Structures are given as structure tokens and as C-alpha cells.
Amino acid sequence: MRYTPGQLRDLVGLSQETLRHWRTTLPPLQGSRGRAPYFTAGQVLGTATVKAVIDEFGLPVRSLRAASSSLFAICSQPNWEALGAGHLAIVLRTGDVTLLKQGDLADLSCPTILFPLSPVIEKLRTALLGASGDQTALSFPPVSIARAPRASRSVR
């Protein structure tokens, strides 16, 4: 699925000026140019994660520039369920980003931001699906509908 800049802004909650600034600051967002730029689901998740980290810790976006390539690469994995079960370990000084799964230990020899992905993924899932993700039970079971054979037409 591809998303337009307007859809990305709506999903993540960014203004047009902020997205324009982020596209010049964060290398993973710089390749989406041209007449019809688009963003992948991984770029949407990466952008939402950057926004959540910035909002939570009060950091300027330029502080995540070095870590953005690794962060967006992790967010581009197709299995959001597995990502939601983990935490990002972001080392701003070196730009290293690691996905820690439950039970993994991070190397905390230098200041590290540990950030859970599940709230970001759940917020995006709600915005994309328009529901909380819970599926209500059907009142009747699905039934296979067989197609009637086509009547042959005679051409004269």
C-alpha cells in the first residue's frame, strides 16, 4: 500500500511544514519526490515512531538523523505484530537502533532510549482500519456461493 503525503500527515498528525522539514532532515524520507510522491507502510510507521519519540522526550528531529536509517529499516518489516511485541533501543550518540524482543537485554553502557512500539502501531492500526482492530463475531457462518453455469449464447 502506498500513501500520499496528505495521508501520511493525517495518519501521523503532522503539519505540511513539519513534514517538509522532516523530509529534508531525515534521509529515509528524502527519496519520496516527484509529481506523485508516495510513502510505504514502513515509512508511515517510522514517521509515527519518530513523532512519538520526539513528543515523549522533547527532542529536536535532527537528534534522530543518525538513527533514522536504522529506525526506518526496522519499521519496514512487514510483521507489525512482532514489532509491537518489542522495544526500540535508540542510541543517539552512535545512531544505533536495535529491536529488542521480550526478554532481550540491551547494552546500556551508554545513554539509550527504550521505546515500546505497541502504542504507535495500535494508534496507526486504529487510524488505518477505522476500528480498534477487534473483529466482532458474525451472526451467521460464512457460506460458499456457487456460481450458476453461464448459458451459452448462439450467435446467428
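Start with the sheet: three strands, open, in the order β2-β1-β3, with antiparallel pairing. The model is predicted.

Select 96–100 and 113–116. These are β2 and β3, the edge strands, and each pairs on one side only. Now look along the sheet. From one strand to the next, the twist averages 20°.

Next, select β1, residues 87–91. Four bridges join β1 to β3, and the two run antiparallel. Which residue of β3 is the bridge partner of Ile90? Pick Ile113: that is the partner.

Select 41–57 for α3. This helix lies across β1 and β3, and runs at about 120° to β3. Then select 65–75 for α4. Helix α4 lies across β1 and β2, at about 25° to β2.

Select 5–12 for α1 and 16–25 for α2. They pack at an angle of about 105°, their axes 10 Å apart. An angle of 65 to 115 degrees counts as roughly perpendicular, so α1 is roughly perpendicular to α2. Show side chains at the contact. From α1 come Pro5, Leu8 and Arg9; from α2 come Gln16, Leu19 and Arg23. Colour them by class: three are nonpolar, one is polar and two are charged.

Last stop: the rings. Select Arg2 and Tyr38. The charged end of Arg2 sits over the Tyr38 ring, 4.2 Å from the ring centre. How many aromatic pairs does a search of the whole structure find? The search finds one.

Key
Residues are numbered from 1 along each chain as its sequence is written. This is a predicted model: local features need pLDDT of at least 70, side-chain atom pairs count only at pLDDT 80 or more; totals for chains, interfaces and linings use all residues. Side-chain values use heavy atoms; hydrogens and water are left out. Rings of Phe, Tyr and Trp (its six-membered ring) pair if their centres lie within 6.5 Å; planes under 30 degrees apart count as stacked, over 60 as edge-to-face and the rest as tilted. A charge sits over a ring if NZ of Lys or CZ of Arg is within 6 Å of the ring centre and within 35 degrees of the ring normal. Two strands pair if DSSP finds at least two bridges between them. Axes are lines fitted to C-alpha atoms, for helices over the stretch in contact, and angles run from 0 to 180 degrees between N-to-C directions. Contact means heavy atoms within 4.5 Å. Angles under 35 degrees count as roughly parallel, over 145 as roughly antiparallel, 65 to 115 as roughly perpendicular and the rest as oblique. Ala, Val, Leu, Ile, Met, Phe, Trp, Tyr, Cys and Pro count as nonpolar, Asp, Glu, Lys and Arg as charged, and the others, Gly among them, as polar.
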